[in-house]
Amino acid sequence: MHIHILGICGTFMGGIAAIAKQLGHRVSGCDANVYPPMSTQLERLGIELNQGYLVEHLADEPDLVIIGNAMSRGNPLVEYVLERNINYTSGPQWLLENVLKDRWVLAVSGTHGKTTTSSMLTWILEYAGMKPGFLIGGVPQNFDCSARLGDAPFFVIEADEYDTAFFDKRSKFVHYRPRTLVINNLEFDHADIFSDISDIQRQFHHLVRMVPSNGLIIHPQSEQAITDTLEQGCWTPIEQSVTEVEPLAGWHAEKLVADGSEFVVRFKGQEQGIVKWHLIGDFNIDNALMAIAAARHAGVPTKVAIEALAEFVNTKRRLELRGEVAGIKVFDDFAHHPTAISKTLAALRANVGNDKRVIAVLEPRSNTMKSGVHKDTLAQSLQQADLVFVYQGEQVQWSVDALIDDCQQPCIVSDNLPQFIEQVVQATQPDDTIVVMSNGGFGGIHQKLLTQLANKSLASHND
């Protein structure tokens, strides 16, 4: 079959393309912006890529068009497909019908931590020799791709609550029909499609309704929004992570090192082993407990899962160290919600201690952040930083200047990116830690910071 994908360079649609190719289909696709790393990954697989949404891309009429959720009515190719009555579907629906319906699906959902937890879980299954299939909305560094068909019954998928397509406004994850379901957390996000938290809970309950009675739902006991959702009706056994060690309760972690780089894992009060790994942060411990529990449901002994995590390399853009100049570290993090920002900064603070400075560099870029939904809680989420820089992007619909008064520490705002980078560089001192937080490319700021910091260090040395 010839399959053409609209919006092929997104991580999810790119993963669909890779899996379709592995199933033996001829795959082509187009996107508004065809660029690395997804473009090179797809080209390496022999997938035909086209720039833009031109009608001539469908001159060799495909058997099926898979339409990404970024596509809307008015797009030239969407209109062409509808007018010509070309067979079309969504990515999640295609995945269900061609892959997931025959697999043991392990779905990782929640507002935060989906990509990291999915990557951990996939790596644990791989380490255990299970060769799972997977589709992850990021770049898992223990693998050379973000998606594959796999050789086993098991398939790990990052279960996103965002809508499916312009013609199917249900959340993507209602198509996945998991047997093992992780719900990491549940907060208000995606203000462009949900009006409040109850809207999101409704979609999560649709998902809960599909988990069979021989399946398993795993979630933190402390997340009241998840508990409220499950109380609407749940027909599946539940395991929880708990904050206190209890003989009859679920999963628990006890930190042995303040930054979370070493911790004890317990299940129902019994010690299972000690994780010693390269990650930091309480949120990553939470992610690890979810991944360990899900892997256990699929048959992986907890001891093996703990061994696997010692060799886990975190997903790109999740507290990823991009470089170090004169003792100054520059991290890249995907945080784009006040809760995630707060947890990222807390992890770095625990890692560097109170004697060294943490500098937060933030771009409000997600649709929710740009709309100003979280503007009143943003300053509080930045409390662990010693110095804050916030970029006022063109599409931010509120004045970021408000943060100057709201922040307890110095806060510098700019709408000029070169000037903004220069301000960060000038304020930086030896042994500082800079964390850049954005869910976009942020104008290549990470490398620009490293380059200018190197120039500053060289000039200082020459003086």
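Let me begin with a definition: a residue is called buried when its relative accessible area is under 20%, exposed when it is over 50%, and partly exposed in between, with a 1.4 Å probe and protein chains only. The model I am showing is a predicted one, in which local features need pLDDT of at least 70 and side-chain atom pairs count only at pLDDT 80 or more, while totals for chains, interfaces and linings use all residues. Residues are numbered from 1 along each chain as its sequence is written, and side-chain values use heavy atoms, with hydrogens and water left out.

On the chain as a whole, there are 15 helices and 23 strands, these being DSSP runs (H or I of at least four residues for helices, E of at least two for strands) numbered from the N terminus. Of its 463 residues, 58% count as buried. If we take contact to mean heavy atoms within 4.5 Å, then, among contacts with a separation of 6 or more, 64% come from residues 24 or more positions apart.

I would now like to turn to Ser 90, which has its place in strand E5, residues 88–90. Ser 90 counts as buried because its relative accessibility is 1%. Leaving aside residues up to four places away in sequence, Ser 90 touches Ile 66, Ile 67, Thr 164, Ala 165 and Phe 167. Its side chain, moreover, has a polar atom that lies 3.2 Å from the backbone nitrogen of Gln 93.

Key. A polar contact is a pair of N or O atoms within 3.5 Å; within protein, one must be able to donate a hydrogen and the other to accept it, and residues adjacent in sequence count only if both atoms are side-chain atoms.
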